[in-house]
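Here are my notes on this one, written as numbered points. Have the 3D view open while you read, and take the points one at a time.

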Amino acid sequence: MESVQSQRISGDPNAIHAPYLIQRSWERCARQSGDLHTDPIMLSGGDLKERLVRHTALLQAARPEIEILAGMVASTDGIVLLTDDNGVILQSLGDTGFLQRAEQVALRPGVSWAEDHRGTNAIGTALIEGTSVRVHGGEHFLQRNRILSCHGAPVRSPQGDILGVLDISCDAGKLHAYALKLAAMFARQITNRMLDQAGRGYDTLVFHRQASSLDSIERAQLLLNDGHIVGANDAAIAMLGATWQHLLNQPLDAWMHADWRQAGNLPVSIDTSTGAAVVARLHRKSAPSIAAPARPDASEASGKRADALHTPPATHGPDAQAPAMLPEPAPELRGEFERTLKAFDGGLAVLIQGPTGSGKEVYARRLHARCARSGKPFVAINCGALPESLIEAELFGYAPGAYTGANRHGSLGRLREAHGGVLFLDEIGDMPLPLQTRLLRVLQEREIRPLGSDKAVAVDFLLISATNQDLDSLLRQGQFRSDLFYRLQDQRVQLQPLAMRQDLPGFLCTEFNRLGALEKSLTLSDDACRSLAAYAWPGNYRELQSVLRALVIHSAAGSLLQVSDLPEHLQAPHASGATGETPAMRGSHTSLRDIDEQHIRRTLHRSNGNISETARLLGIHRSTLHRRLKRLS
Ligand SMILES: Nc1ncnc2c1ncn2[C@@H]1O[C@H](COP(=O)(O)OP(=O)(O)OP(=O)(O)O)[C@@H](O)[C@H]1O
C-alpha cells in the first residue's frame, strides 16, 4: 500500500500537500474494503428533510457563503457542497453540467460521503482528520470517484466540534491549486458567522497581530462569559498557541495580559501569554450568561477561590466541555475506556495511573463529559500544588470568621463544590498523611464538617484520582494509607507512555496539523516523521505538544521539514537507520517509573539545576518537584 501511494503522490507534484492524510485514509479503507464497494447510501426524502431541519443554523450561516463561492468556482465548472457531521450532503450548488456528471458518482443531497461508505474522499477524510483535505483524481480510494478533484474543509462550532464540511468539487482534469485554500477560507467565514450568532449574550474579544486585520476573515475571536472563554475560532486557538480543551472554560487572564479589560470599540495593544503582541477590540454584551459556574449554596461561598491553587474552575453543564473537544484515548485504549465509564457510572471510584503528561487529566475530564453527571460540576484539585497550611480550608471549607485572614463570608470548600458532580484528585500520591485521614473520613461518611463549624454537611460526588507515582511502593513505605488506597481504586486505569501508542506516526502528523502546521502549510518529510516516532517522548503528550508548537512557530510557511529541522535531541541516534520502528513496536523494558525519573533528572540537568524552570518545563508545581526530588535522592 505504501509504495503504491507514494508513487502516485510523487508522480503528481501538486499532491504532496498531505501525503500522510491520504495514506492513512487508504490504510483505513483497505482494512474494510469489502464494505466500500456497495452502492451509495441515499437517505429517503423524509430523512433528508429531518436532517435539513436539524441543521437549520448551519445551513443559514452557510447560505451566503455557498452562493458567493459557487459563483467563484463556476469558471472551473466546479460545484460547492455542504455536508453535516456525518458526511451526508445537505446542499449542492454550482455548474449544472458538472452537477449532472456529479450525479453519476452520487455527489448529491441525501448521500453520505463518510469515508467508511465512499472510501478516501475530501469530505469523509476531512471529517476524520479534522482538517482541510484535498483528494485529487487517483487519490480517491474507489475507482468510480477518480473523475473528481475534491477539496473539503471542516466547519466548526464555537466549542470546536465539527458541524460539517464545505467542499469544492470539480473534474479531476481541472485541478486548481487555490481551491483548497478557498474552501478553508469560506469554511472559516461560516464558522465566524456562527460564532457571531452564538455570541449574542456574551462579550466578544476580537484580536489580531495587525489592527488592519481586525475585520478580516483572519481575525481571532473569543466569546467571554464573566471573563471565562466559552467559544473561539481556529484563528484564536492558533494565535494563543492553545488547544480547544485547554482554552474553553478557562479565564482569559491565563492567556492574555489583564489589559484586555481596557479594550472597547477602540483597539488596544495587549501581550498574549506566549509573548506575542496583538491588537484587540472588545464588544461588551449585557445579556445573561449561560455557562456561569452555578456553585451550590453560592450565597455561602467566598465568591473568589484562592488563586494560589492554579486549579481550573469547576466546569458545568452540557456546554461546559463536550466530549468531542477532548483528545480521544489512543485506539488501543478505547474499549477499556468504555468499560471504565460503565464502572464509573455505577458509582465506582476510578484511579488513573500513568507517567507525567500521559493524559490522566484528559482521561478524567472525558469520563466526566461522557458520564451521567456530565451536566454537573467537575472539580479538579491538584493535591501536589496545595500548600499544606491552606489545604484543609481549601478542601473542606470554613465557617465565617473561622480564622484570622479568612474570608469573612466563609468558604464552601472544593469538596462541596463537587456536590452532585465529579471530584478529580490529581497527584493523589502527594497528599500529606494527615489529610489522607481526613479525606478517608469524608469518603466513608459522605459528609464534611467545615473548619470552625460543628455542622456536618452531606456531600455526594463521584471520585476520580490520578497519580504518576507508584502507589504500591508508597504504601509499602508507609507514605500512603492503605485504607484510603482501597477506597480510591475500585477501577484502575493504567495509561501508557505516548511512545507505546500503536498509531504513533499517524498521530504525530495529525497533532502537527492540529497545532498549526496546516495553517502555515507545513509538511513533515517521511524521515522527519519517522525520526519523531522513534523518539522515547519521556514527557509524553505534553512534551510532544511543546515540540510540535515550537516547530510550527520556528518554520517558514510552506516548508517541508527534514530531520535536520528537528531539535537535535530528536534527530539521532535513535533516528539514524530508523526503520520506522516505534518504541511501541520494539517493546519497552523501561518501567513507567524509570521514564519519569529519567525525565525529571534530564530536565533538571537541562535547566542547570533551576527548580522553578524544571517545574515549569515538566508542567508540575514546584512543591511537587521538591517532593519527587526528595524521593529520588
Ligand atoms: N490523547 C491525547 N491526544 C492529544 N493530546 C493529549 C492526549 N492526552 C493528553 N493530551 C495533552 O497532553 C497534555 C497533558 O495532558 P494531561 O494534563 O491530561 O496529562 P497528565 O497525565 O494529567 O499529566 P501530569 O501527570 O503531569 O499531571 C495536555 O496538553 C493534553 O491536552
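**Notes on helices, sheets and the ligand shell**

1. Helix α5 covers residues 56-73 and helix α9 residues 179-198, and they pack at about 150 degrees with axes 9 Å apart. Axes here are lines fitted to C-alpha atoms, for helices over the stretch in contact, and angles run from 0 to 180 degrees between N-to-C directions. Helices (H or I, at least four residues) and strands (E, at least two) are DSSP runs, numbered from the N terminus.

2. A word on the model before going on. It is a predicted one, where local features need pLDDT of at least 70 and side-chain atom pairs count only at pLDDT 80 or more, while totals for chains, interfaces and linings use all residues. Residues are numbered from 1 along each chain as its sequence is written.

3. Which residues of α5 and α9 make the contact? On α5 they are Ala57, Ala61, Ala62, Glu65, Leu69 and Met72, and on α9 they are Leu182, Phe186, Gln189, Ile190, Arg193, Met194 and Gln197. Being in contact means that the C-beta atoms, placed from the backbone, lie within 7 Å. The residues of this contact split into 9 nonpolar, 2 polar and 2 charged. For these classes, Ala, Val, Leu, Ile, Met, Phe, Trp, Tyr, Cys and Pro are nonpolar, Asp, Glu, Lys and Arg are charged, and the others, Gly among them, are polar.

4. Now find the open sheet with 5 strands in the order β8-β7-β6-β10-β9, paired antiparallel. Its edge strands, β8 (228-232) and β9 (268-271), each pair on one side only. Two strands pair if DSSP finds at least two bridges between them; β6 (residues 203-208) and β7 (residues 220-225) are joined by 5. Valine 206 sits opposite glutamine 221 in β7. Helix α9 turns up again here: α9 packs on the sheet, touching β7 and β8, and its direction makes about 20 degrees with that of β7.

5. There is also an open sheet with parallel pairing, its 5 strands ordered β12-β13-β16-β11-β17. At its edges are β12 (378-382) and β17 (491-494), each pairing on one side only. Neighbouring strands are turned by 15 degrees against each other on average, direction ignored. Between β12 and β13 (residues 422-426) there are 5 bridges, and phenylalanine 378 has valine 422 as its bridge partner in β13.

6. Helix α13 (residues 334-345) lies across β11 (350-353), β16 (462-467) and β17, at about 150 degrees to β17. Helix α14 (residues 360-370) lies across β11, β12, β13, β16 and β17, at about 165 degrees to β16.

7. How many residues are around the ligand? There are 19, and Pro327, Gly359, Lys360, Glu361 and Tyr541 come nearest; a residue counts as near if its C-beta atom, placed from the backbone, lies within 6 Å. Both α14 and α22 (540-554) supply at least two residues of this shell. By class, the shell has 5 nonpolar, 10 polar and 4 charged residues.

Technical notes:
Two residues are in contact if their C-beta atoms, placed from the backbone, lie within 7 Å.
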